Amino acid sequence: MDNQETDTQIEENNSGAELIRAQDALPGTIPILPQAERPFFPGQIIPLLLDPEAWGPTIQSAQENANGVLGLLLTRAERPEQATSEDFYRMGTAARIHRIGRVDGRLQVLLEGVQRFRVIEWLSQQAPLTARVRYYPEPRVEDDTEIKAYAIAIINTIKELVPLNPLYGEEFKLFLDNFHPNDPSHLADFAASLTTSGKDEQQDVLEAVDLVKRLQRVHALLIKELEIARTQAHIRKQVEQDMQKHQREHILREQMKVIQKELGISKDDRTAELDKFRERLESLDLPDKAAERIQEEMDKFAVLESGSPEYATTRNYLDWLTSLPWGKHTEDRLDLKEARRILDEDHDGLEDVKQRIMEFIGVGIMKGEVSGSIILFVGPPGVGKTSLGRSIARALGRRFFRFSLGGMRDEAEIKGHRRTYVGAMPGKFIQAIKDTQAANPVIMLDEIDKVGASYQGDPASALLEVLDPEQNSDFLDHFLDVPFDLSKVLFICTANQLDTIPGPLLDRMEVIHLSGYLASEKMDIARHHLLPRQLERNGLKPRGQLRIDKGALRRIIEEYAREAGVRRLEKHLSAIARKAVVKLLEGEKPPIHVRAKDIEDYLGKPVFSREKRLSGVGIITGLAWTAMGGATLSIEATRIHSFTRGFKLTGQLGDVMRESAEIAYSHILANAERWGASPDFFENSLIHLHVPAGATPKDGPSAGITMACALLSLAKNRRAVRKLAMTGELTLTGQVLPVGGIREKVIAARRANIRELILPAANRGDYEEIPEYIREGLKVHFAEKFDEVVPIVFEK
């Protein structure tokens with residue numbers, strides 16, 4: 001740094017001959033001891049603890065070969081023993097060894113800094129590290145005004161530091177014991193070592209051979225140290241003042257309590273709690289039983305000692321009783337047009353569901369109030385069941401509370417714990433009433449089809465009382481032990497399927513089916529709801545930063561999010577928005593335009609390929625219902641060989657579906673000749689019936705006529721003459737029985753671009769309930785017997 005420009009000055013200062021003692025002479029070659037934390041300055045005396053195995057040879061070399069002198073050199077390496085010559089700074093301090101001892105198996109070496117040096121050449125790269133060095137004796141200072149001014153400024157700054165931190169005073173006393181304050185060179189080195197500055201800043205001071213520059217750098221470090229010390233002192237003072245204030249307030253409060261007690265005007269904690277409970281009761285319309293129970297508990301609470309275990313239990317009980325909104329009801333917003341506007345604003349599609357909700361609200365308007373009811377929304381995941389519940393609450397102007405029943409196994413979650421237990425609490429319904437502070441909220445029970453049962457009870461059975469309009473007017477929670485009226489509560493439940501809901505519980509609910517969305521409905525939902533929401537969540541502006549074409553949306557819907565709901569569609573839109581954010585931050589100009597051809601770059605390879613309807617002899621397309629909505633199913637039948645008679649089934653079929661396949665096989669075998677098939681075809685044939693996809697479990701009777709048609713196609717060696725799909729249960733006598741999930745199956749057929757269907761005649765009513773816009777363009781044949789199915793499939 002400053003060393004080249006000062007070399008000439010040092011040579012001039014040392015040009016005169018001067019005698020020195022032999023023991024004070026500094027050798028030109030010395031062993032090097034690395035320092036990792038901070039540099040060592042001339043004039044410092046410091047004890048070092050060293051590992052004898054790593055640094056014992058270095059200390060021994062210094063004593064034997066260098067007149068007890070070694071070099072302390074700062075290293076950039078984190079571990080000194082791993083430092084190489086490239087890791088060392090070039091300027092260090094030569095130090096003389098004064099004493100060597102051992103403490104707990106480690107070497108303790110007392111060193112005194114003597115003089116600066118610069119490494120000229122490394123002689124040894126391994127311990128003991130050895131280098132040839134050049135020394136920089138401290139220059140003689142004449143009567144220099146600038147140096148004197150800097151020295152006084154440094155001393156004054158140290159004086160300002162001493163009151164802020166007493167440790168600075170102790171260090172300054174030690175310095176004055178060993179050096180004269182008029183020695184600016186040692187004063188600068190001492191002041192630098194006094195600061196908490198980093199090792200690079202202190203190394204800069206060590207390398208400043210020119211005294212004026214050294215004093216300038218040290219003064220700057222001291223000013224920074226003074227600011228830090230002042231800030232620390234201010235923080236410490238503020239903390240002490242806050243502590244004193246709290247202590248003073250505590251003492252005054254205790255004194256005030258004593259004074260109030262002496263004057264007879266004080267209230268203890270129990271009295272204050274009772275006053276609070278009484279104040280709450282003034283605004284409540286309590287039933288007689290509840291008022292009587294609360295008064296009994298308050299009388300008991302008034303005589304309890306605050307240290308008794310029952311004190312906390314009774315106080316908690318009274319807190320719950322007085323916190324409930326007894327007799328408080330929010331006023332319903334009975335406006336049919338506003339309700340329709342809110343439903344249309346929150347949801348696209350679902351016209352039949354919206355119409356049913358409007359009928360429900362309309363009845364409430366005619367009666368003057370929407371009385372407590374239990375509605376069950378059933379449908380695949382992601383079709384908007386929970387959000388519909390929120391919309392109903394908003395349309396009615398009621399408060400909303402939601403909790404999930406999925407996996408619930410303890411009936412105490414429904415009816416509360418008895419107060420004999422530690423940590424007892426009311427059930428979820430009483431908690432919902434307290435949180436909403438209204439006796440007529442909308443309470444949503446999510447995933448009611450996933451309620452469990454265990455040794456702790458059956459929550460589904462506990463729900464029978466809650467969800468029965470004839471019983472819930474006097475709902476008795478185990479914790480409250482006082483009847484509470486839930487008859488004004490509107491309960492909305494959600495489920496993915498009805499099979500797992502107990503019959504008595506299902507009987508209490510009004511079921512509304514949500515079957516899923518068509519591609520056109522998904523497009524509207526994506527544009528009006530999902531995309532704006534994802535733009536907001538990802539910090540993008542509604543316009544001007546990301547634009548997704550209709551073609552791109554259509555491709556996402558058809559190839560990446562083909563399920564009945566829109567949850568996966570929203571996830572894909574979120575992924576596109578995140579990638580667009582990254583592109584904008586990387587400097588790409590807005591708007592980011594996403595076209596159909598770009599979708600693979602954002603979302604990877606398509607999850608779904610375009611559905612190809614299988615066709616050929618022995619292949620018939622059926623319709624199936626799944627928890628994710630409807631699906632098309634191509635059933636395949638083939639003749640393996642003609643050596644023996646047999647029938648083989650594959651495709652992970654359940655027991656009911658296997659029985660349906662056996663019935664179809666038996667019915668075709670018995671009537672093959674009547675439909676133009678050879679009666680001997682099945683006598684000597686091993687028939688294999690397969691239902692793709694093999695990895696998906698399947699069950700149910702609705703594929704009966706489909707499997708029968710596949711077997712008949714194989715026997716007649718004729719393919720279906722129409723592009724159609726079918727569903728229906730088949731009996732041994734050829735009757736076609738009704739099946740469930742008609743809406744989901746019809747939507748699945750439309751999604752696969754199949755416009756001709758065969759349905760059981762008994763399902764005509766279910767089909768006619770499907771909205772007109774779904775049925776539009778479909779040709780449906782209703783069959784009562786299998787004899788009616790055969791000509792539709794095989795005759796033009």
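User: How many bridges join strand 7 to strand 12?
Analyst: Five bridges join strand 7 (residues 374-378) to strand 12 (residues 490-495), and the two run parallel. Strands are DSSP runs of E, at least two residues, and helices are runs of H or I, at least four, numbered from the N terminus. Two strands pair if DSSP finds at least two bridges between them. This is a predicted model: local features need pLDDT of at least 70, side-chain atom pairs count only at pLDDT 80 or more, and totals for chains, interfaces and linings use all residues. Residues are numbered from 1 along each chain as its sequence is written, and side-chain values use heavy atoms, with hydrogens and water left out.

User: Which residue is the bridge partner of Ile374 in strand 12?
Analyst: Phe491.

User: What is the strand order in the open sheet?
Analyst: The five strands go 8-9-12-7-13, with parallel pairing. Strand 8 (400-404) and strand 13 (510-513) are the edge strands, each pairing on one side only.

User: Switching to rings. How far apart are the ring centres of Phe403 and Phe429?
Analyst: The centres are 5.5 Å apart and the planes are at 80°, so the pair is edge-to-face. Rings of Phe, Tyr and Trp (its six-membered ring) pair with centres within 6.5 Å; planes under 30 degrees apart are stacked, over 60 edge-to-face, the rest tilted. Phe403 is in strand 8 and Phe429 in helix 15, 26 residues apart.

User: Is Phe429 buried or exposed?
Analyst: Phe429 counts as buried, at 0% relative accessibility. Buried means under 20% relative accessible area, exposed over 50%, partly exposed in between (1.4 Å probe, protein chains only).
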